[in-house]
Amino acid sequence: PALVAQLRAALPSARILLNSDTLAALPAAADLHGADGVHLTAAALRQATHKPSPLCGASCHDATELALARALGLDFATLSPVQATTTHPQAVPLGWPRFAALAAAAGLPVYALGGMRRAQLDEAVAQGAIGLAGISGLD
C-alpha cells in the first residue's frame with residue numbers, strides 16, 4: 001500500500017497494477033490497496049475462473065495461456081520470452097516469428113517481454129506487439 005502511494009506521487013498519470021503474487025500476500029486481497037488493477041502470473045492465470053479486477057493483464061508464454069487470458073476477458077497480456085534474458089536464463093526464447101504468430105492469434109493486446117530494449121519498440125510493433133514490457137533494460 002505504501003509503495004502504491006509513492007508511485008502515485010511520483011507518476012500521477014501512471015496506471016498501477018499489482019502482481020497477483022503481491023496481491024495474494026496482502027491482507028484483504030479483494031482490496032487493490034489503491035492500485036488500478038492486477039497483473040496475473042501465468043500460474044494465477046491458469047487457476048483463475050474470472051477477471052479479478054476491472055483492469056487486468058496476465059503473463060503468457062504460449063497459445064494456451066493467451067487463450068485463457070482472452071477467455072477471461074483480460075485487457076492485455078505480456079508474451080515472453082521473446083529473446084534470451086538474464087532474469088530467466090533457462091527459458092527458451094520465442095523469437096520474433098513465433099511471437100508474431102502468437103500475437104496475431106491472441107485476440108487481445110500483447111506486449112513483448114523478454115530481452116527487450118527501448119530500441120526494439122519499432123520491431124516489436126511491426127511484429128504485432130502494442131508495446132514493450134520489461135524487468136530491466138527499458139531505462
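1. In the counts below, Ala, Val, Leu, Ile, Met, Phe, Trp, Tyr, Cys and Pro are taken as nonpolar, Asp, Glu, Lys and Arg as charged, and the others, Gly among them, as polar. On that basis the lining of the largest pocket has 13 nonpolar, 16 polar and three charged residues.

2. The model is predicted: local features need pLDDT of at least 70, side-chain atom pairs count only at pLDDT 80 or more, and totals for chains, interfaces and linings use all residues. Residues are numbered from 1 along each chain as its sequence is written, and side-chain values use heavy atoms, with hydrogens and water left out.

3. The largest pocket has a volume of about 1,000 Å³. A pocket is here an open set of points, on a 1 Å grid over the protein atoms alone, where a 1.4 Å probe fits, with protein on both sides within 12 Å along at least five of seven lines; lining residues have an atom within 4 Å of a point. Grid points are joined across faces, edges and corners, and the volume is the space filled by probe spheres set on the points.

4. Of the 32 residues that line the largest pocket, Thr 78, Leu 113, Ala 133, Gly 134 and Ile 135 lie nearest its centre. At least two lining residues come from each of strand 1 (17-19), strand 4 (76-79) and strand 5 (110-113); strand 1 gives the most, with three residues. Strands (E, at least two residues) and helices (H or I, at least four) are DSSP runs numbered from the N terminus.

5. The second largest pocket has a volume of about 170 Å³. Its lining includes Ser 20, Asp 21, Val 38 and Gln 47. Two or more lining residues come from each of helix 2 (20-25), strand 2 (37-40) and helix 3 (42-47), and helix 2 gives the most, with four. By class, this lining has seven nonpolar, two polar and one charged residue.

6. Leu 3, Leu 7 and Leu 11 make a nonpolar surface patch of about 260 Å². Such a patch joins nonpolar side chains (Val, Leu, Ile, Met, Phe, Trp, Tyr) within 5 Å, from residues with over 30% relative accessible area and no salt bridge; areas come from the Shrake-Rupley method with a 1.4 Å probe, and for residues only the protein chains shown count as cover. Leu 3 belongs to helix 1 (residues 2-10) and is exposed, at 54% relative accessible area. The classes are buried (under 20%), exposed (over 50%) and partly exposed (in between), with a 1.4 Å probe and protein chains only.

7. There are three salt bridges, each a side-chain nitrogen of Lys or Arg within 4 Å of a carboxyl oxygen of Asp or Glu. In one, the closest N and O atoms of Asp 36 and Arg 8 are 3.0 Å apart. Asp 36 lies in the loop between helix 2 and strand 2 and Arg 8 in helix 1, so the pair ties together parts 28 residues apart in sequence. Asp 36 is partly exposed at 24%, as is Arg 8 at 28%.

8. Glu 65 and Arg 46 form a salt bridge at 2.6 Å, N to O. Because Glu 65 lies in helix 4 (residues 63-71) and Arg 46 in helix 3, the pair ties together parts 19 residues apart in sequence. Glu 65 is buried, with 6% relative accessibility.

9. Asp 75 pairs with Lys 51 in a salt bridge, the closest N and O atoms being 3.0 Å apart. Asp 75 is in the loop between helix 4 and strand 4 and Lys 51 in the loop between helix 3 and strand 3 (56-60), 24 residues apart. Asp 75 is partly exposed at 29% relative accessibility, and Lys 51 is partly exposed at 26%.

Technical notes. Patches are made of residues with over 30% relative accessible area and no salt bridge: like charges are joined within 9 Å, nonpolar side chains (Val, Leu, Ile, Met, Phe, Trp, Tyr) within 5 Å.
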